Structure formats: structure tokens, C-alpha cells
Amino acid sequence: MADTRPVRTGRAPTDPPASFVWTRRIVLALLAAFTLLPVYAMVSSSLKPLEDVQRRFRWIPSQPTIRPYVDMWSTVPLARYFANSVIVAGGATLASVAIAIGAAYAVSRYRFAGRRAFTVTVLSTQMFPGILFLLPLFLIFVNAGNATGVALYGSRGALILTYLTFSLPFSIWMLAGYFESIPRELDEAARVDGCGPVGALLRVIVPASLPGIVAVTVYAFMTAWGEVLFASVMTNDQTRTLAIGLQGYSTQHEVYWNQVMAASLVVSVPVVAGFLLLQRFLVAGLTAGSVK
């Protein structure tokens, strides 16, 4: 009697075809190479003497040296630029997150006149290019400084306020969507236990919204850390940030390419390290608020 049982092929019926699997692997490999090769070129150039960098590019340094990582601190005041970036990006992030939490909680939990108009206005500000706000903010800070005697233009505080103009609207919009996904019964239970609106926000909503708050924090910090347009106009020699300070390696007679690469890698460490440490919360925060 012939065996009528199906022949096992080693592949489940729901498995994708082999051609799709190999195509996916090839595409992913090409994307990985496209992403990692520039990083390797930066690392390789940062370990070469300037003379080697100016010659024909070699993938492997013939005379590896860490001298660029030492000289980059003295060629330009990189430590001061680094401190300015930490202060400005940290201040803008803290202010943006703190204000966004309160505003998003009010938008998501209360119904008031102009609520919809406020939400639409906040979101619509993201449609305008940053350069549109450059001249108005410049004039505001200069005129306010002349009227009050407080030097706002060229200060770190003015740059922090400037960064709030584009990080705060997105933060409010994102946290409002996340707060909407949290059951209102938690607020009611907190109020039964004696908490007021602020207590319910701080003791219940904020801990439950930690992934969303982390996502907003990472966004605000990354935006402020690498911003160039406003920092190039709103700062001076003492308040210049890293994004602008790196231009100091290009002089009238020489461009220190090896130090540029070394400094670029060093200033990328805080953002990359923070992203890797918080990526679990970041992914959860970006997706949870979109599902109710």
C-alpha cells in the first residue's frame, strides 16, 4: 500500500520563500554597510596624523596615533563648548519636559474653552521652518535686553528659550496622546485617596507615563544638542555650543580633519549612550500613546 502522508520539506507553510529571505538579508547588509562605513571612516581618520588624512584615503591607518584626541582640546576651547552644550541642552530639556507634562495633563483631562484651538495651534507650529522664527526672536532678545538692561542676546538663557519654541509643542502633543491612553479611573482612585489634581499627576500619572516622558526627554535633548541654525546666531565666543564650535577646526590656512573627526566622535558619545540606554523606553513611549 502506497504511503499517502505528505512529504516534509523542512519549511512550514507560513514561512516566507527562500528568495525573500535572501533578498531581505542582502538589503539589510547594504543598509548596515551604508550606515557603518561613514562611522568607520571617521574612526580611521581620527587615528591618523594630519598628513595621512590629506593624502589618498586608506581604510587602515598606516601610523595609528591618538594625538588628534589630545590636540582637539587645545586647538579650540572644546571643553567650554561641551559645557555650554550640556547646560543649554539640559536646561531646554528639563524646561520642555516640565512644562509639557503640566500642559499635556490639562489638555488630556480637562475640557475648557479653546482646548481644540490650543491643540491645533500647538501642532501647527511644527509646520513652519525654524528660519522663520530666527529674525523675530533675534529682535525680541535684542530689544528686551536694551529695555531691561539684561543681556539676553548671546546668553545661554536666550538659547534655552529659543529651543523651547520647537521642542515644547511636539512634547505637549506627544504627552497629551500618551496621557489619553491612561485610564481616567486612576485619577479618580487617587482623588478618593485624598490626592488633588497635582498629587494625582505626580503620584499616579507621571509614574505610569514614564516611557512617554523618556521619549520626550530624548527627543528634546537630541534636538537641542545638535541644533545649528539658532546657535550660529544667538551665541558668542563665550556661549558657543559644540555644533558651532566644531567649525573652529577649519582655519584660514588649514583644516584639521583628524581633529574634526575625533571631536565629532567624542561629542556624539552622550547622545548615542543615552539613546542606547533608554531605547527600550523610547520605543514604548513612541508607540503606546498611539493605541487606546
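Predicted model: local features only at pLDDT ≥ 70, side-chain atom pairs only at ≥ 80, totals over all residues.
## Annotated segments

Residues are numbered from 1 along each chain as its sequence is written, and side-chain values use heavy atoms, with hydrogens and water left out.

Residues 160-179 are 100% helix and 0% strand, with end C-alpha atoms 26 Å apart, whereas residues 117-140 are 75% helix and 0% strand, with end C-alpha atoms 25 Å apart. Helices (H or I, at least four residues) and strands (E, at least two) are DSSP runs, numbered from the N terminus.

Alanine 92, in helix H4 (residues 78-109), counts as buried because its relative accessibility is 2%, the classes being buried under 20% relative accessible area, exposed over 50% and partly exposed in between (1.4 Å probe, protein chains only). Beyond neighbours within four places in sequence, alanine 92 is in contact with Ile160, Tyr163, Leu164 and Ala224, where contact means heavy atoms within 4.5 Å. Tyrosine 163, with residues up to four places away in sequence not counted, touches Val88, Ala92, Ala224, Glu227, Phe230 and Ala231.

## Nonpolar cores

The largest nonpolar core has 28 residues, and those with the most contacts inside it are Leu78, Tyr163, Phe230 and Tyr249; a core is a set of buried Ala, Val, Leu, Ile, Met, Phe, Trp, Tyr and Cys residues joined through side-chain atoms within 4.5 Å. Elements giving two or more residues to this core include H4, helix H7 (156-180) and helix H13 (257-288). A second, separate core of 24 residues includes Ala104, Val122, Leu168 and Ile172.
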